[in-house]
Every structure is written in C-alpha cells, then in structure tokens.
Amino acid sequence: MTVDATDRDEGLKLHDLHCFAAVARSGSFQAAARVLGRSHPSVFAAVKRLETRLGLALLDRSGYRVALTEVGRSFYERARSSLTEIDRLSAHARLLAGGEEPVLRVVIGDLCPRAMILGLLTAFFEKVKGTRLHLDYEAVGGPAERLREGTADIVFHRADDDTMLTEQIPIAEIALLPVAAPGFLPPHLGIHTTPAQLRPFTQCIIRDTAQTGARKDHFLIDGAPNCSVPDHAMKRELIVHGMGWGHLPDFLIAEDLEAGRLVRVGGRHLPGKVEPLAASRLRDRAHGPVAERLWDHIRSRFA
C-alpha cells in the first residue's frame, strides 16, 4: 500500500480509530456501523482512510468476515489501550465541567433475568431526562470484555473473579441445569449418566460474543456435535423442540420442568452449576454523576 506524504501529515483522526476498533471487535463493517450508530459506507471510508494514512493493511477483506492482519492485530492492541485512556480522559473532563453524561452504556449478559434488570433500569431512567440509555446484549465473555475495553459503563452478568479490576454489587444467584426434551435421550441414560455417554448427542451452546482473549467453553463436551445459538431464549426453544440438550438457567425453565416439556439430564456426574450474578463497573474509571446515581440505585435495590 502506498501513501502520500501529505496524508501522513494530517495525523490520525479519533473517529477513524473508533471505527477501526469497532470493526475489529465485531468482525464486520455492518455490525460496527450498528454499534456506532453510523452508516456502513462512513465506517468503511473511515477505516480505509486510517489504512491510507498509516500505509498499512490493517484488515483482510478476502473472507466472508473481515479479519485483522498480523500488523492490524498489533495495531489494534495499542489502539484499544489508547482509546480506553481517551474515554477515561473524556469522562474526567465531563466531571470537571460538572455536566451530566449524555449517554450511559449498559450491557446485559446472557445469564441475567431480563425482566428483573429492565424493571430496575425503568425505575431509574423514568426519572432521568437528560441522559440516554444505550443498552446492549453480550454473551459468555462478551460483557467482561466490554467493561475492560471501556465500551460499557455497567454490565450485568456473572460475577468477575478479578475484584481488583472491577467493583461489584451481587444481585442474584442462578442455577444452570442440564435438560432435554422428553424422549430426546434413550431411556437407559438415567441418573448415572456421564458426560462421555452424552457425546453422541447434539449439545446446544451459547456463542461467545467476546472478540479477543481465550474463550471459555462452559459445560462443553469434547467431541460432541453441537448447535450454537445467540441467547438462552433461543437455546430453550431448540431444546424444547428436541434439537439438542444443554444447560439452561432455572428461572427460564421452571414452568417447562413442571409441565413436563423438559426433563433433567443425569445426576451426580452432571450436577449443573450455581452462578453468582453481579452488577460490575471498573474501579479505576471516572464515573459521571448519572452513572453514580445509577450505581447507588442498584446498590439500594440489592442491599
């Protein structure tokens, strides 16, 4: 890639960096445009402009999904850190100016009871007129990644083990139970069923929305066929219709178990797991006045 010296002299634009980071995270220009609230052509042009100014090919566009090149991956890691620091600086400047945030970015994770979280947010935002709620959904490692990258102010998801990085308010505990539709598994697989015995049967799993880092495969049976879905609501539908088995949160399937639409799978070898849920935010980030009031609202609700 060639670049004119005058293009280099213009320097990097923050908008172009944000567009590139969004494409790198989401894997497509269209998804990045949705996240940024911009048009597909404007995001494409911003990334192209950045590559031209750098004289580097940051993205490989030859496949179905765009991917980072080797130099693009290296540049993205540095750009991500820089953008996080810029976001923190902007947040601090807003605090110094004494103004309220124009938007709060909240992420609901796949494990959270949505009715409970939406009720909490409704009670708060109906009294807040000057700040817009930007609500996103992420799964598995996605909520924690959004928090670390500074693209979310508060996330509701499983409690993070890294309490040095995050401040947390416990909000609930949910049980993930292995279930299947009646008749999906042969009758001889009873309470002593082992994971190895389930290997021939399709396992339904949630897709991890995290774009970087090691992915965690919760309950995944090595070598078993699987069907991936975006959330637990879709996962429940597939399992109820006999298309696979898998772990589902207890609050989502209590009525299905009672009505016999679903049955528990296994016993001591497949006990399920209790997951603690929490509201989380970064400790070392400057939080605006509305974010602080929302945090106090959450704490008072789950004291």
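On a 1 Å grid over the protein atoms alone, a pocket is an open set of points where a 1.4 Å probe fits, with protein on both sides within 12 Å along at least five of seven lines, and its lining residues have an atom within 4 Å of a point. This is a predicted model, in which local features need pLDDT of at least 70 and side-chain atom pairs count only at pLDDT 80 or more, while totals for chains, interfaces and linings use all residues. Residues are numbered from 1 along each chain as its sequence is written, and side-chain values use heavy atoms, without hydrogens or water.

So much for the ground rules; now the pocket. The largest pocket is lined by 43 residues, with R25, V35, D136, R146 and T151 nearest its centre. Among the elements supplying at least two lining residues each are α2, α3 (29-36) and β4 (132-138), and α5 gives the most, with eight.

Next, helix packing. Helices here are DSSP runs (H or I, at least four residues), numbered from the N terminus. Axes are lines fitted to C-alpha atoms over the stretch in contact, and angles run from 0 to 180 degrees between N-to-C directions.

| Pair | Axis distance | Angle |
|---|---|---|
| α2 and α4 | within 8 Å | roughly 110 degrees |
| α3 and α4 | 8 Å | about 105 degrees |

The angle makes α2 roughly perpendicular to α4 (65 to 115 degrees). Contact means heavy atoms within 4.5 Å; on the α2 side it involves H15, D16, L17, C19, F20 and V23, and on the α4 side V43, A46, V47, R49, L50 and R53. α3 is roughly perpendicular to α4 as well. There, F29, Q30, A32, A33 and L36 of α3 meet H40, V43, F44 and V47 of α4.

Finally, confidence. With pLDDT as the predictor's confidence in each residue, from 0 to 100, the chain averages 89, and 93% of the residues score at least 70. Helix α8 (residues 232-240) is highest at 97, and helix α1 (residues 5-9) lowest at a mean of 46. Beyond near neighbours in sequence, residues 5-9 have six contacts in the model.

Note on methods
Angles under 35 degrees count as roughly parallel, over 145 as roughly antiparallel, 65 to 115 as roughly perpendicular and the rest as oblique.
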